[in-house]
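Here are a few notes to read alongside the model.

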Amino acid sequence: MAILEISKYVLAGMLIIAGILHFLKPKFYLKIMPDYLPAPLLLVILSGIAEIICGLLLVFPNTQTIGAYLTIALFVAVFPANIEMSRKYYLRRKKGFWLTILRLPLQLALIWWAYQFIR
(Lines give C-alpha, C1' and ligand atoms only; values in the text may rest on other atoms or scores of the structure.)
Protein backbone atom coordinates (compact mmCIF):
# COMPACT_ATOMS: atom_id res chain seq x y z
CA MET A 1 0.00 0.00 0.00
CA ALA A 2 1.46 3.37 -1.05
CA ILE A 3 2.14 6.15 1.45
CA LEU A 4 -0.50 8.39 -0.15
CA GLU A 5 -3.08 5.62 0.25
CA ILE A 6 -2.14 5.17 3.91
CA SER A 7 -2.31 8.92 4.48
CA LYS A 8 -5.84 8.92 3.04
CA TYR A 9 -6.93 6.51 5.75
CA VAL A 10 -5.13 8.57 8.39
CA LEU A 11 -6.94 11.75 7.27
CA ALA A 12 -10.26 9.90 7.07
CA GLY A 13 -9.72 8.47 10.56
CA MET A 14 -8.85 11.89 11.95
CA LEU A 15 -12.01 13.38 10.45
CA ILE A 16 -14.21 10.59 11.78
CA ILE A 17 -12.70 10.80 15.27
CA ALA A 18 -12.98 14.60 15.29
CA GLY A 19 -16.59 14.29 14.18
CA ILE A 20 -17.39 11.83 16.96
CA LEU A 21 -15.75 14.17 19.48
CA HIS A 22 -18.30 16.85 18.53
CA PHE A 23 -20.89 14.61 20.18
CA LEU A 24 -18.75 13.44 23.12
CA LYS A 25 -17.22 16.85 23.99
CA PRO A 26 -19.58 19.49 22.58
CA LYS A 27 -18.57 22.05 25.23
CA PHE A 28 -15.06 22.25 23.76
CA TYR A 29 -16.45 23.06 20.32
CA LEU A 30 -19.04 25.47 21.72
CA LYS A 31 -16.22 27.46 23.35
CA ILE A 32 -14.52 28.07 20.02
CA MET A 33 -17.69 28.78 18.06
CA PRO A 34 -17.70 32.41 16.88
CA ASP A 35 -20.25 34.44 18.85
CA TYR A 36 -21.76 35.95 15.71
CA LEU A 37 -23.01 32.57 14.44
CA PRO A 38 -26.56 31.52 15.33
CA ALA A 39 -27.53 28.22 16.97
CA PRO A 40 -24.04 27.22 18.15
CA LEU A 41 -24.99 23.76 19.44
CA LEU A 42 -26.73 22.93 16.17
CA LEU A 43 -23.65 24.08 14.25
CA VAL A 44 -21.40 21.91 16.44
CA ILE A 45 -23.61 18.91 15.75
CA LEU A 46 -23.80 19.62 12.01
CA SER A 47 -20.05 20.14 11.72
CA GLY A 48 -19.50 16.85 13.55
CA ILE A 49 -21.80 15.08 11.13
CA ALA A 50 -20.01 16.77 8.21
CA GLU A 51 -16.61 15.59 9.47
CA ILE A 52 -17.81 12.02 9.80
CA ILE A 53 -19.34 12.08 6.32
CA CYS A 54 -16.17 13.58 4.81
CA GLY A 55 -14.05 10.90 6.45
CA LEU A 56 -16.30 8.11 5.23
CA LEU A 57 -16.42 9.51 1.69
CA LEU A 58 -12.62 9.64 1.54
CA VAL A 59 -12.31 5.95 2.39
CA PHE A 60 -14.08 4.57 -0.67
CA PRO A 61 -12.53 4.99 -4.15
CA ASN A 62 -15.91 5.77 -5.76
CA THR A 63 -16.56 8.68 -3.39
CA GLN A 64 -12.97 9.75 -2.72
CA THR A 65 -13.02 12.79 -5.03
CA ILE A 66 -16.28 14.22 -3.69
CA GLY A 67 -15.01 13.46 -0.19
CA ALA A 68 -11.84 15.41 -0.90
CA TYR A 69 -13.78 18.42 -2.24
CA LEU A 70 -16.14 18.37 0.73
CA THR A 71 -13.23 18.02 3.15
CA ILE A 72 -11.56 21.08 1.63
CA ALA A 73 -14.83 23.00 1.92
CA LEU A 74 -15.15 21.87 5.53
CA PHE A 75 -11.61 22.99 6.40
CA VAL A 76 -12.35 26.40 4.87
CA ALA A 77 -15.69 26.63 6.69
CA VAL A 78 -14.25 25.86 10.13
CA PHE A 79 -11.30 28.23 9.75
CA PRO A 80 -13.19 31.09 11.48
CA ALA A 81 -13.58 28.85 14.55
CA ASN A 82 -9.81 28.39 14.63
CA ILE A 83 -9.33 32.15 14.46
CA GLU A 84 -11.92 32.57 17.21
CA MET A 85 -10.07 30.09 19.39
CA SER A 86 -6.86 32.09 19.01
CA ARG A 87 -8.69 35.34 19.74
CA LYS A 88 -10.29 33.95 22.89
CA TYR A 89 -7.01 32.45 24.11
CA TYR A 90 -5.37 35.84 23.61
CA LEU A 91 -8.10 37.81 25.39
CA ARG A 92 -8.17 35.41 28.34
CA ARG A 93 -4.36 35.13 28.39
CA LYS A 94 -4.69 31.36 28.39
CA LYS A 95 -1.71 29.09 28.13
CA GLY A 96 -1.35 27.63 24.70
CA PHE A 97 -2.14 30.84 22.80
CA TRP A 98 0.90 30.41 20.57
CA LEU A 99 -0.14 26.85 19.80
CA THR A 100 -3.47 28.18 18.53
CA ILE A 101 -1.57 30.63 16.31
CA LEU A 102 0.64 27.84 14.96
CA ARG A 103 -2.49 25.83 14.26
CA LEU A 104 -3.79 28.40 11.75
CA PRO A 105 -1.30 27.57 8.95
CA LEU A 106 -1.92 23.90 9.69
CA GLN A 107 -5.34 24.43 8.14
CA LEU A 108 -3.62 25.16 4.82
CA ALA A 109 -1.63 21.94 5.14
CA LEU A 110 -4.86 20.03 5.80
CA ILE A 111 -6.44 21.56 2.70
CA TRP A 112 -3.41 20.53 0.65
CA TRP A 113 -3.56 17.03 2.15
CA ALA A 114 -7.23 16.63 1.19
CA TYR A 115 -6.46 18.00 -2.28
CA GLN A 116 -4.14 15.03 -2.88
CA PHE A 117 -7.18 12.76 -3.09
CA ILE A 118 -8.93 14.54 -5.95
CA ARG A 119 -8.81 12.31 -9.05
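1. By class, 21 nonpolar, 4 polar and 2 charged residues make up the lining of the largest pocket. Please keep in mind that this is a predicted model.

2. The space in this largest pocket comes to about 590 Å³. Its lining has 27 residues, and those closest to the centre are His22, Glu51, Val78, Asn82 and Arg103. Two or more lining residues come from each of helix 1 (3-24), helix 2 (26-32), helix 3 (40-59), helix 4 (64-77), helix 5 (79-91) and helix 6 (97-115).

3. Next, a helix pair. The axes of helix 4 and helix 6 lie 8 Å apart, at an angle of about 170°. Angles over 145 degrees count as roughly antiparallel, and helix 4 and helix 6 are therefore roughly antiparallel to each other.

4. Which residues of helix 4 meet helix 6? They are Ala68, Thr71, Ile72, Phe75 and Val76, and their partners in helix 6 are Gln107, Leu110, Ile111, Ala114 and Tyr115.

5. Two backbone angles deserve a look. Most residues other than glycine have a negative phi. Ala39, in the loop between helix 2 and helix 3, has a positive phi near 50°. Ala39 is partly exposed, at 41% relative accessible area.

6. Arg93 also has a positive phi, of about 50°, although it is not a glycine. You will find Arg93 in the loop between helix 5 and helix 6. Its relative accessibility is 72%, so Arg93 counts as exposed.

Methods: Residues are numbered from 1 along each chain as its sequence is written. This is a predicted model: local features need pLDDT of at least 70, side-chain atom pairs count only at pLDDT 80 or more; totals for chains, interfaces and linings use all residues. Side-chain values use heavy atoms; hydrogens and water are left out. On a 1 Å grid over the protein atoms alone, a cavity is a set of points where a 1.4 Å probe fits but cannot get out, and a pocket is an open set with protein on both sides within 12 Å along at least five of seven lines; lining residues have an atom within 4 Å of a point. Grid points are joined across faces, edges and corners, and a volume is the space filled by probe spheres set on the points. Helices (H or I, at least four residues) and strands (E, at least two) are DSSP runs, numbered from the N terminus. Ala, Val, Leu, Ile, Met, Phe, Trp, Tyr, Cys and Pro count as nonpolar, Asp, Glu, Lys and Arg as charged, and the others, Gly among them, as polar. Axes are lines fitted to C-alpha atoms, for helices over the stretch in contact, and angles run from 0 to 180 degrees between N-to-C directions. Angles under 35 degrees count as roughly parallel, over 145 as roughly antiparallel, 65 to 115 as roughly perpendicular and the rest as oblique. Contact means heavy atoms within 4.5 Å. Buried means under 20% relative accessible area, exposed over 50%, partly exposed in between (1.4 Å probe, protein chains only).
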